[in-house]
Amino acid sequence: MITCPSDTVIASCSRLRIQEGNMAEDKIGARLHEHVDTVMTSCPPSVPADTPRLQVLERFSRESDKPVLVTEADGSLAGVITPRDIIATLTPDADVGGRHRISELDRYLKSTAQNARDLVSDEPLTLKKSATIGDALQKMEQSHSPTLIVVDEDGRAVGCVALAPVIAYLTRSP
């Protein structure tokens, strides 16, 4: 932060502050073009797609606030089971309104699920590892989700990108 001596003309000090702000904006702009692996964190836990429903529920009984990735036999991402999906499987007759409403059909299907594949959310929010931080922010905005799963060229999950660490990185001093 720029501090101005008491004898500095206010207009000169204001120009210095504007220049400092422009340099910070330039730094953020440059960092938006860096690859997401710069801010990527490790993946949430995963289970094979054929994991029985009861085992998935047991896992959520230990860590109910974290999503679980579901992977196919080849290691590719089949989907994500969120705490919301678990609530739907346990309360098939509930009518929960709001922005993230689960349809009656989805509730029924999740309540009759046999394995992890049957419990996944419709479409996992993914981003290619080759994407930039700017691409990640754009996808977060479009999907209204603060977290994305980063996948490699074969569709295997290699990490996650979350909004808070991205903001911290963009605003951190060099």
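Predicted model: local features only at pLDDT ≥ 70, side-chain atom pairs only at ≥ 80, totals over all residues.
The protein contains seven helices and six strands. Read from the N terminus, these elements follow the order α-β-α-β-β-α-α-α-β-α-β-β-α. Of its 174 residues, 32% count as buried. Where contacts join residues at least 6 apart in sequence, 55% of them connect residues at least 24 apart.

Helix 6, spanning residues 133–143, has buried residues at Ile133, Ala136 and Met140. Viewed down the helix axis, the buried residues of helix 6 fall within an arc of 55°, and they therefore line one face of the helix. Glu141 and Gln142, on the other side of helix 6, are exposed. Just after this helix, His144 adopts a positive phi of about 60°.

Charged side chains were examined next. Side chains of opposite charge can pair when their charged atoms come close. Across the whole structure, the search finds two salt bridges. One of them joins Arg117 and Glu72, with the closest N and O atoms 2.7 Å apart. This pair connects distant parts of the chain, since Arg117 belongs to helix 5 (residues 116–119) while Glu72 lies in the loop between strand 2 (68–71) and strand 3 (77–81), 45 residues apart. Arg117 counts as partly exposed, its relative accessibility being 38%. Glu72 likewise falls in the partly exposed class, at 27% relative accessibility.

A salt bridge is also formed between Asp154 and Arg156, for which the closest N and O atoms are 3.1 Å apart. With a relative accessibility of 52%, Asp154 counts as exposed. Arg156 has a relative accessible area of 33% and is therefore partly exposed.

When neighbours within four places in sequence are left aside, the contacts of Asp85 are Val80, Lys110, Leu119, Val120 and Ser121.

The cysteines were also considered. A disulfide is a covalent bond between the sulfur atoms of two cysteines. The search of the whole structure finds zero disulfides. Cys43 takes part in no disulfide, and the nearest cysteine sulfur, belonging to Cys160, is 5.0 Å away. A disulfide requires the two sulfur atoms to lie within 2.5 Å. Cys43 has a relative accessible area of 27% and is thus partly exposed. Cys160, in contrast, counts as buried because its relative accessibility is 6%.

Rolling a probe the size of a water molecule over the atoms shows where empty space is left. In the whole structure, one cavity of 30 Å³ or more is found. The volume of the largest cavity is about 30 Å³. The residues that line the largest cavity are Pro45, Arg59, Phe60, Glu63, Lys66 and Val68.

Definitions and conventions: Residues numbered from 1 in each chain as written. Heavy atoms only, no water. Buried < 20%, exposed > 50% of the residue type's maximum accessible area, 1.4 Å probe, protein only. Helix = DSSP H or I, 4+ residues; strand = E, 2+ residues; numbered from the N terminus. Arc of directions from axis to C-beta. Salt bridge = Lys/Arg side-chain N within 4 Å of Asp/Glu carboxyl O. Contact = heavy atoms within 4.5 Å. 1 Å grid on protein atoms, 1.4 Å probe; cavity = no way out; pocket = protein on both sides within 12 Å on 5 of 7 lines; lining within 4 Å. Points joined across faces, edges and corners; volume = space filled by probe spheres on them.
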